[in-house]
Amino acid sequence: MRVLFAGTPEVALPVLQALMQEQSHEVVGVLTRADARRGRGHSLQPSPVAAVAREAGLEVRTPRTLRDPEVQEWVRSLDADVAVVVAYGRLVPPELLDVPRHGWLNLHFSLLPAWRGAAPVQWAVINGDQVTGACVFRLEAGLDTGPVYARLSRPIGARQTAGELLAELSQEGVQLVTSTLSALETGQAAPQEQDHSQATTAPTLSSQDGEIRWSDPAVAIDRRIRGVTPAPGAHTTYAATRLRLGPVTLAPETTDLTPGQVRATKREVLVGTGSHAVRLGRVAPAGKQWMDAAAWARGAQGLSATVLGTTGSSHDGGAA
């Protein structure tokens with residue numbers, strides 16, 4: 001099949017690379033986000049998809065919008081049988097949805113209709129879901145509302161971060177995409193409509209979503225930190241500066257610390273929550289690299305008299 005691929009971050013690479021290697025498919029063009037400034041030098045860097053596609057000699061376009069008439073004409077000129085989308089980050093306008101013969105197929109990292117939106121894995125972890133998965137569905141005008149061709153489910157590990165889970169799903173999703181393309185080729189595809197009454201939403205996470213509210217129960221804090229790791233990242237305040245936080249572990253034996261109160265020893269750093277304490281893992285003080293929390297505590301003066309962050313801030317929920 002002639003395939004137009006649309007994707008941007010590293011999680012889109014397993015599917016792109018599989019399509020490039022499949023002899024029965026030809027990637028005839030690639031859509032991705034424009035080069036962005038990254039790293040300490042803030043130099044312009046291509047997206048992971050752009051870098052791989054250009055190295056393979058594929059034609060790459062990086063439009064700011066797919067409503068651009070020139071881009072739309074290019075999409076039509078490709079004569080694609082299907083478009084495959086993985087974390088592209090741009091809306092496909094209605095006038096392009098039926099241009100490929102089999103439409104636009106999106107690999108989405110949730111069990112639709114659960115967690116429609118830009119951050120499904122992150123919200124699943126924050127919400128404490130036990131199971132997640134991935135779906136291949138056909139794009140239509142609504143947000144992640146199209147019929148589902150294939151799906152897989154898997155448990156969420158008790159210590160998994162959103163980044164780790166997303167990396168695993170991106171690999172597991174390859175077979176979903178390739179099997180769906182095979183079913184379309186043979187006329188055996190049987191898409192199933194979603195139960196829209198069961199939909200929940202997963203809006204884009206902001207830095208504010210990573211701010212830890214220490215008055216929350218320890219379990220909720222653990223889930224939130226893992227859900228926003230690695231991006232946008234968890235943080236609190238210490239000495240009026242931002243302290244970035246890696247995943248924590250629960251310390252249910254410690255219940256005498258008030259929310260945000262710190263107890264530091266040579267071996268560990270405990271912080272009180274709305275239930276029981278959590279044990280900090282890695283932290284990154286303002287302007288410094290990641291380090292073990294105990295090492296940070298040894299260099300911080302009067303840490304055990306400190307109360308981290310605030311206890312009254314609020315987070316927007318992800319469920320509809």
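**View 1. Polar contacts between the domains.** Across the interface of domain 1 and domain 2, six residue pairs, both members at pLDDT 80 or more, are in polar contact (a pair of N or O atoms within 3.5 Å; within protein, one must be able to donate a hydrogen and the other to accept it, and residues adjacent in sequence count only if both atoms are side-chain atoms). On the side of domain 1 that touches domain 2, helix H4 (120–127) and helix H5 (162–186) are the elements that give two or more residues (helices are DSSP runs of H or I, at least four residues, and strands are runs of E, at least two, numbered from the N terminus). H4 gives the most to that side, with five residues. This is a predicted model, in which local features need pLDDT of at least 70, side-chain atom pairs count only at pLDDT 80 or more, and totals for chains, interfaces and linings use all residues. Residues are numbered from 1 along each chain as its sequence is written, and side-chain values use heavy atoms, with hydrogens and water left out.

View 2. The protein chain is divided into domain 1 (2–202) and domain 2 (207–305), with bounds from an automatic or database domain assignment. Their centres, taken over C-alpha atoms, are 35 Å apart. Between them the domains bury about 980 Å², 50% of it on carbon and sulfur atoms (buried area is the accessible area, 1.4 Å probe, that two parts lose on being put together, summed over both). In domain 1, Ile126, Arg159 and Thr161 lose the most area to domain 2, together 48% of what that side buries.

**View 3. The salt bridge between the domains.** One salt bridge is counted between domain 1 and domain 2 (a side-chain nitrogen of Lys or Arg within 4 Å of a carboxyl oxygen of Asp or Glu). The side chains of Arg159 and Asp222 meet in a salt bridge, at 3.1 Å from N to O.

**View 4. Helix H6.** Helix H6 (residues 218–227) is largely enclosed by the rest of the structure, because seven of its ten residues are buried (under 20% relative accessible area, 1.4 Å probe, protein chains only). Asp222 is among the buried residues of H6, as are Ile221 and Ile225. Elements that the buried residues of H6 pack against include H4, H5 and S10.

**View 5. His235 in strand S10.** His235 lies in strand S10 (residues 234–238) and, at 7% relative accessibility, counts as buried. A polar atom of the His235 side chain is 3.1 Å from the backbone oxygen of Ser207.

Definitions and conventions: Buried < 20%, exposed > 50% of the residue type's maximum accessible area, 1.4 Å probe, protein only. Contact = heavy atoms within 4.5 Å.
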